[in-house]
Amino acid sequence: MSGGDTSGGDLHADVVVVGLGAWGASTLWRLAAAGVDVVGVERFTPGHPLGSSHGGSRMFRTACLEHPGLVPLAQRSGELWAELSQVSGRRLVEPTGGLLIGPRDGHVVEGTLAAARRFDLPVELLEAGRVREEYPLHASLPDSHAAVLEKTAALVRPEQTIRAAVEAAVAAGARTLTGTAVEGIELVGDGVVVRTAARNLRAGQVVVTAGPWLSSLVADLPVEAVRMPMTWFAPSGDPAPFALDRFPVFIRELDEGAIWGHGLGADLGPAGEVKLGLEDGGSAFSVVDAAAVDRSVSEADWAVLTRLLPDAVPGLGAAPTRAAVCMITRTPDRQFLLGRPRADPRLVVGGGCSGHGFKHATGVGEALADVVLGREPRIELGFTNPNRFG
Ligand SMILES: Cc1cc2nc3c(=O)[nH]c(=O)nc-3n(C[C@H](O)[C@H](O)[C@H](O)COP(=O)(O)OP(=O)(O)OC[C@H]3O[C@@H](n4cnc5c(N)ncnc54)[C@H](O)[C@@H]3O)c2cc1C
């Protein structure tokens, strides 16, 4: 089975995974690797540029400032990224090191240090003077700021990893329907019916990993889709300081929010361009209907960023050379939703990535597979319980 399912007739499986983006592709892989009879359904083609998982690169960190409880998930994901790289024979992860920069007592530096302390991670605190000396593109850092250097931070290639996970799942026995939209999910008796235009899929359980489209398939979840542009800039002069080894991946907290980015590296997006964007929070990202998101880009999408850049990251052109629209799925507390809504034994959701979920995709896939299989979770993820909001 593969693209544009038109054959009709009910299809039976133990489990259906709806949405083969970052989290769904990994879930499909981990379920198939566990010997489960599983079908994955994807509206587009795995690795497409219309959801949350495109643009050539995603930052991988283990000292997760978003929640210390994410550290074990990132560590496990790192192991599984290595396994997927090996299985696929592709270079999915690019080691770069990373800098988490901001006020010494601010959210980025303190959050990273808290996560590192709790799990005894080997990070290094660099005072402002040392940052300015060793990373000249961050020369504007004031004395009251600092950076945490995480040497094991890296970049992951999103499109390639999704394709690799789907291929690994198929090699392990999974079936896939791509170019096939799920139109509805019904919980019936002790199973589920997953409806597509061509046919019904009948299974004991469904895992819904539909990213920004999640709320269109599962009602009453506290998620909203948010439109988030990505931008690439060309150096205005010498490109050498922007090489990945001199300008590693970073998040920098500023008065007006935070910016993230990374330098020039082969195969990480358009050649010769530096990728930069704004973190969620404090800036003008809009809540959208994922099915009707405006994919056109305009100056309004990078106005805040370009105002901050001359000081924050000097040496770049005044406007991006390229921009693209991406989306995240946000929850009220900015943590994931992983598990069974209303404790229903037929339904599992994996969503609410809140803009920091790619690095964890393989660990999330394994955790969701554990939920499906009723296994004791390897990692304590109680803070991602989808029922925590009451
Ligand atoms: C600009 C930007 C930068 C980011 N940077 C980072 C970073 O550096 N590090 C990090 O860890 N995270 C980062 N993130 C977050 C990360 O990319 C997301 O957390 C992750 O991609 C979420 O994956 P997902 O599987 O939830 O969604 P998606 O990958 O969008 O997958 C959902 C899939 O479901 C499919 N689908 C939806 N509805 C249906 C349907 N009805 N029928 C069939 N299929 C359906 C979609 O087509 C899609 O393929 C960033 C996000 C953005 C937008």
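**Ligand, domains and selected residues**

Author: Domain 1 (11-54 + 158-222 + 333-384) and domain 2 (97-152 + 224-330) both give residues to the shell around the ligand, so the ligand lies between them. The model is a predicted one.

Reader: What separates the centres of domain 1 and domain 2?

Author: The centres, taken over C-alpha atoms, are separated by 30 Å. The contact takes 16 residues from domain 1 and 14 residues from domain 2.

Reader: How many residues surround the ligand, and which are the closest?

Author: The ligand is surrounded by 34 residues. Glu42, His48, Ser53, Arg58 and Met59 are the closest.

Reader: How do the residues of the shell divide into nonpolar, polar and charged?

Author: There are 18 nonpolar residues, 12 polar ones and four charged ones.

Reader: Which helix and strands each supply at least two residues of that shell?

Author: They are helix H1 (22-33), strand E4 (58-60) and strand E20 (322-330). The largest share, three residues, comes from E20.

Reader: Which atoms of the ligand do Arg43 and Ser52 lie by, and at what distance?

Author: For Arg43, a backbone N or O atom lies 3.1 Å from a nitrogen atom of the ligand. For Ser52, a polar backbone atom is 2.9 Å from an oxygen atom of the ligand. Taken alone, the ligand exposes 1000 Å², and the protein buries 96% of that.

Reader: Why is Glu42 called buried?

Author: Buried means under 20% relative accessible area. Glu42 has 5%, so the word applies.

Reader: Where is Glu42, and what does it touch?

Author: Glu42 is in the loop between strand E3 (38-41) and E4. Not counting residues up to four places away in sequence, Glu42 touches Gly19, Leu20, Gly21, His48, Leu177, Thr178, Gly179 and Thr180. The side chain of Glu42 also reaches the backbone nitrogen of Leu20 at 2.8 Å. Glu42 and Ser57 are 15 residues apart along the chain, and their C-alpha atoms are separated by 21 Å.

Reader: How do you know that Thr96 counts as buried?

Author: The relative accessibility of Thr96 is 17%. The cut-off is under 20%, so Thr96 counts as buried. Thr96 is in the loop between strand E5 (93-95) and strand E6 (98-103). Among the residues Thr96 touches are Ala153, Leu155 and Pro248.

Reader: Is Leu278 buried or exposed?

Author: Leu278 has a relative accessible area of 9%, under the 20% limit, and is therefore buried. Leu278 is in strand E18 (residues 274-278). Leu278 and Ile251 are 27 residues apart in sequence and 9.2 Å apart in space, C-alpha to C-alpha.

Reader: What makes Leu141 a buried residue?

Author: The relative accessible area of Leu141 is 2%, and buried means under 20%, so Leu141 is buried. Leu141 lies in the loop between helix H4 (128-134) and strand E8 (145-150). Leaving aside neighbours within four places in sequence, the contacts of Leu141 include Ile101, Val131 and Arg252. Leu141 and Pro345 are 204 residues apart in sequence and 52 Å apart in space, C-alpha to C-alpha.

Reader: Why does Arg334 count as partly exposed, and why does Arg342 count as exposed?

Author: Exposed means over 50%, buried means under 20%, and partly exposed is in between. Arg334 has 36% and is therefore partly exposed. Arg342 has 53% and is therefore exposed.

Reader: What is the phi of Arg334 and of Arg342, and where do these residues lie?

Author: Most residues other than glycine have a negative phi. Phi of Arg334 is near 65°, a positive value, and Arg334 is in the loop between E20 and strand E21 (337-339). Arg342 has a positive phi of about 50° although it is not a glycine, and Arg342 lies in the loop between E21 and strand E22 (347-351).

Methods:
Residues are numbered from 1 along each chain as its sequence is written. This is a predicted model: local features need pLDDT of at least 70, side-chain atom pairs count only at pLDDT 80 or more; totals for chains, interfaces and linings use all residues. Side-chain values use heavy atoms; hydrogens and water are left out. A residue is near a molecule or strand if one of its heavy atoms lies within 4 Å of it. A polar contact is a pair of N or O atoms within 3.5 Å; within protein, one must be able to donate a hydrogen and the other to accept it, and residues adjacent in sequence count only if both atoms are side-chain atoms. Accessible areas come from the Shrake-Rupley method with a 1.4 Å probe; for residues, only the protein chains shown count as cover. Helices (H or I, at least four residues) and strands (E, at least two) are DSSP runs, numbered from the N terminus. Ala, Val, Leu, Ile, Met, Phe, Trp, Tyr, Cys and Pro count as nonpolar, Asp, Glu, Lys and Arg as charged, and the others, Gly among them, as polar. Domain bounds come from an automatic or database domain assignment. Buried means under 20% relative accessible area, exposed over 50%, partly exposed in between (1.4 Å probe, protein chains only). Contact means heavy atoms within 4.5 Å.
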